[in-house]
Amino acid sequence: MGTESKLSVAIVGASGYGGVQLVRLLHAHPRIALTYLGGNSSAGRSFTDLYPQLAPFVDQVIEPIDLDVIAERAKVVFLALPNGLAQGMAPTLLEKGCIVFDLSADYRFRNLQTYETWYKSARSDHSVAQEAVYGLPELFRDRIATANLIGCPGCYPTASLLALAPLLKQGLIQLESVVIDAKSGTSGGGRQEKLHLLHSECDNTLSAYGIAHHRHTPEIEEVASTLAGQNVILQFTPHLIPMTRGILATVYCTMRDPGLVREDILTIYRAFYRQSPWVRLLPSGIYPSTKWAWGTNACYLGIELDERTGRVIVLSAIDNLMKGQAGQALQALNLRMGWDETEGLPDLSFYP
Ligand SMILES: NC(=O)C1=CN([C@@H]2O[C@H](COP(=O)(O)OP(=O)(O)OC[C@H]3O[C@@H](n4cnc5c(N)ncnc54)[C@H](OP(=O)(O)O)[C@@H]3O)[C@@H](O)[C@H]2O)C=CC1
Ligand SMILES: CC(=O)N[C@@H](CCC(=O)OP(=O)(O)O)C(=O)O
């Protein structure tokens, strides 16, 4: 396919972890031409100054963020920026005819009051935010296919919601019983310097954070409530674990019907995800490892039923930078453009 017939795409925040994953994926995508890479403190530097390993493939300079230039050069824009910045850019980009995929939390909430409370900042883009679609393809395929503003989910919500969705949709669990215990690698905190992410601070230790107030709680609750058709309030505890990539979410819920057996639940999951190439359901007695998902867009789900306690336990493993961020955003772009949802996305991890 010649460059002129390819889809022109811009990445804003190309220097960050999400940005570099997108560069890697989009550069190799047969239908896409990368026409703009934007950054803040990195503007003016060559992309391969920051990521020399990509030197044979990417020969572009990171440019200052200029919305006019972006809209002139690109039909599709990925915003991979810290929370709070996309809301100042997306309305203008949409007005100029771009399709916007935001990787931050700005366009993930239907109820903006929830965003304002949890992110402690006021919003002035209410009508634009109402147009946004939650970019989790397995749950909102049809809506993503026609949307111009896609709020891509956070990494913890992706792992948690894929684990929970069939149970919520089929009304199988007691809604007040949901507990999510999740562990993330350090790249989940981004590339910007942070004291607690220094090797000497976080190596050889496992610690929980954000207990009872992590900002992904209301994001998971809002989507879970949509799926269940009633209000869901749940417990979510994230942990930082000393590995670079990966999330393992272990989700516990009490079944409504004590008569169901594990094979019944597996059958329900198989039916729910039958058209979802990125969800890999594991057979009875097999539980996922984050390494299996490493570098891929896959979500591995392992399902167990504890007949003694009446709880179903779902283990969900993803790569936080792939299915939890850049890979998922590309999956959503594939859907939006009517392409195969797997196009340009790595399928198998290099583990071991
Ligand atoms: N890391 C993860 O696992 C996940 C992250 N996310 C979300 O994706 C988004 C990007 O995250 P991630 O890639 O990890 O972040 P990084 O910290 O790695 O990168 C941030 C990017 O934003 C740019 N930036 C920072 N401050 C500004 C500013 N004031 N104005 C303009 N650009 C700025 C940086 O540019 P420069 O370097 O040039 O200063 C850099 O390109 C965030 O909203 C994050 O919450 C979502 C899911 C998973
Ligand atoms: C390990 C680590 O620090 N992880 C991040 C999650 C990153 C993410 O997905 O958050 P957004 O909603 O901001 O996009 C955190 O807990 O803040």
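1. Conventions. In this predicted model local features need pLDDT of at least 70 and side-chain atom pairs pLDDT 80 or more, while totals for chains, interfaces and linings use all residues. Residues are numbered from 1 along each chain as its sequence is written, and side-chain values use heavy atoms, without hydrogens or water.

2. Shell of ligand 2. There are 14 residues around ligand 2, counted when one of their heavy atoms lies within 4 Å of it. Arg-108, Tyr-209, His-214, Arg-215 and His-216 come nearest. The shell holds four nonpolar, eight polar and two charged residues (Ala, Val, Leu, Ile, Met, Phe, Trp, Tyr, Cys and Pro are nonpolar; Asp, Glu, Lys and Arg charged; the others, Gly among them, polar).

3. Helices H8 and H11. H8 (residues 155-169) packs against H11 (residues 262-272) at about 105°, with the axes 10 Å apart. The two are therefore roughly perpendicular, a label for angles of 65 to 115 degrees. Helices here are DSSP runs (H or I) of at least four residues, and axes are lines fitted to C-alpha atoms over the stretch in contact.

4. Their contact (heavy atoms within 4.5 Å). H8 contributes Leu-162, Ala-163, Ala-165, Pro-166, Leu-167 and Lys-169, and H11 contributes Ile-265, Ile-268, Tyr-269 and Phe-272. Nine of these residues are nonpolar, none polar and one charged.

Technical notes: Chains lettered and ligands numbered in written order. Axes fitted to C-alpha atoms, helices over the stretch in contact; angles between N-to-C directions. Parallel < 35°, antiparallel > 145°, perpendicular 65-115°, else oblique.
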